[in-house]
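Here are my notes on this one, point by point. Have the model open while you read, and start with the loop in the first point.

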Amino acid sequence: MAIVQEFVKNAEKDPFFRTLAAVLQRHQIQAFLIGGYVRDLFLGRPCKDIDITVIGDGTRAAQLVADELGVKGEVHIFKNFGTAMFKYQDLDIEFVGARKESYSNLSRKPAVSIGSLADDQNRRDFTINALAISLSKEDFGSLLDPFNGMADLHVGVIRTPLDPLITYSDDPLRMMRAIRFATQLNFNIEPASFQAIRTQKKRIEIISKERIADELNKIILSGQPSVGFKLLRECGLLPLIFPELSALEGVETRQGKSHKDNFFHTLEVLDNLSGLSPDLWLRWAALLHDIAKPSTKRFDPDQGWTFHGHEDKGARMVPGIFRNLKLPMNEKMKYVQKLVLLHLRPIVLAKSEVSDSAVRRLLFEAGDDIDDLMKLCQADVTTKNEYKQKKYRANFELVKQKLVEVEEKDKVRNWQPPVTGELIMQEFNLKPGREIGLIKNAIREAILDGIIPNEYEAAYAFMLERAREIGLTPVNKK
Ligand code: CTP
């Protein structure tokens, strides 16, 4: 097997693998590479996480290897799990004593006992993750593949080593992992396995939101995220883990008028966007851009289906969704919220005459996120009508050009008021209060509407004018 030969050849020159093999031999320790590293080796995917299964004491082996490598950082030892981890250069290395696991119904934490390599491979989630490579001197590089994981890697199948009903019930996170791997690797889930996920879907309740969100993020970050969300829908997990997204599905027809299926539209937008940006949070914005469509849907006999205000309501739904999925409640969430709120604006501009003031307002509100917003809007064009597609694309180019022109001229992208509140207070000897806000807002609106340029002189003159109108006199003119 060419890949293994290549690995053995490289390992002889590699400081980590050379040291590892030498220590294992010196101390007569039997150990195996296992899990994701082996899988990714055969798939040609780069992998910096190395999992090693040790027959016997994993923590002692880790300590010996770390000492020999001269590892500077700490070796983290988890005695209860017989696990030890350390970092070496850019690698994350984990040693585990080979183990046997038995699960109870109430938790995904198994009872663990010392086991053989075969026991350890038995407890693994998928055949492609149960491949092991020997690290012993006498058979270094030989492959141990009791479940035909290699064949599954070749044809691209996700299959559990044991009965899938038991594997998924034991550790329901594996249902999410199956779908995530299928999406990342473009593999199929074996039909019996997929059926078992359908049967066991309710067990997902015992999995923490953080772990579910981790898997969702990995699906979102993959090349074609729609694959994962379609599988989640098909097996019935989606309404359990992400009801808001699930609620987008369906088409209603009244008086011969239908709306599009917002679930599949959303997935198309997400896939389109994935071709434009690798950013997780921009992809989240794509996933959530129409999230309030079900709750804002109305039927109007003249206009047909409307979703008025879905961008505003959608933005207000974002914190609840993030909180529920234990996603960060920080500036990432605010960014997603902002993009959801503004997602229609460039489209509206692209459909109509583009006025300078509309472009200025958009720049002012989007700030530095304007380029991301433009990407989201571009991805949102899912019409199959070629004429419309061309027209939108041309108009988008026009909007982009206008954005550059207006920004060059007016500098409103990171707008700072040319006349500050402090200056207004000083000029009119005011304490903080309503008038200052009024004047500041009036100046901002005048700039955005193009009544005055975005400059100090003009803003100062405008301030004096507005102040006079509300009966204020500058102190130095008294
Ligand atoms: N594993 C498992 N069941 C789980 C999680 C992990 O059986 N719920 C096993 C698999 O053999 C897996 C290995 O532990 O290959 C390492 O797990 P992890 O590092 O979480 O995943 P990887 O397979 O390495 O893949 P990724 O890094 O993409 O998550």
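1. Q89 is exposed, at 60% relative accessible area (exposed means over 50%, buried under 20%, partly exposed in between, with a 1.4 Å probe and protein chains only). You'll find Q89 in the loop between strand 4 (83-88) and strand 5 (91-97). Its phi is near 50 degrees, a positive value in a residue other than glycine.

2. Some ground rules before going on. This is a predicted model, in which local features need pLDDT of at least 70 and side-chain atom pairs count only at pLDDT 80 or more, while totals for chains, interfaces and linings use all residues. Residues are numbered from 1 along each chain as its sequence is written, and side-chain values use heavy atoms, with hydrogens and water left out.

3. The overall picture: the protein has 25 helices and 15 strands (DSSP runs numbered from the N terminus, helices being H or I of at least four residues and strands E of at least two). Its radius of gyration is 30 Å, well over the 23 Å that the globule rule gives for 478 residues, so the protein is more spread out than a compact globule. That radius is taken over C-alpha atoms, and the rule is 2.2 Å times the number of residues to the power 0.38. The C-alpha trace spans about 95 × 60 × 45 Å along its principal axes.

4. Even so, buried residues make up 48% of the 478. Take the contacts between residues at least 6 apart in sequence: 66% of them join residues at least 24 apart (contact means heavy atoms within 4.5 Å).

5. K326 belongs to the loop between helix 17 (310-324) and helix 18.

6. Which residues of helix 20 are buried? In this helix (residues 356-366) they are V359, R360, L362, L363 and A366. Seen down the helix axis, they fall within an arc of 165 degrees, so they line one face of helix 20; the arc is that of the directions from the axis to the C-beta atoms. As a reminder, an α-helix has 3.6 residues a turn, so residues three or four places apart point the same way.

7. What do those buried residues pack against? Their partners are helix 18 (331-342), helix 19 (345-351), helix 21 (370-379), helix 22 (386-410) and helix 24 (434-448). Helix 20 is followed by G367, whose phi is positive, near 55 degrees.

8. A285, in helix 15 (residues 280-288), counts as buried at 0% relative accessibility. Leaving out residues up to four places away in sequence, A285 touches V336, L339, V340 and L376. A285 and V340 are 55 residues apart in sequence, with their C-alpha atoms 6.0 Å apart in space.

9. L245 sits in helix 13 (residues 243-246) and is buried, with a relative accessible area of 0%. Not counting residues up to four places away in sequence, L245 touches F229, L238, F263, T266, L287 and I291.

10. Leaving aside neighbours within four places in sequence, S222 is in contact with T183, Q184 and R283.
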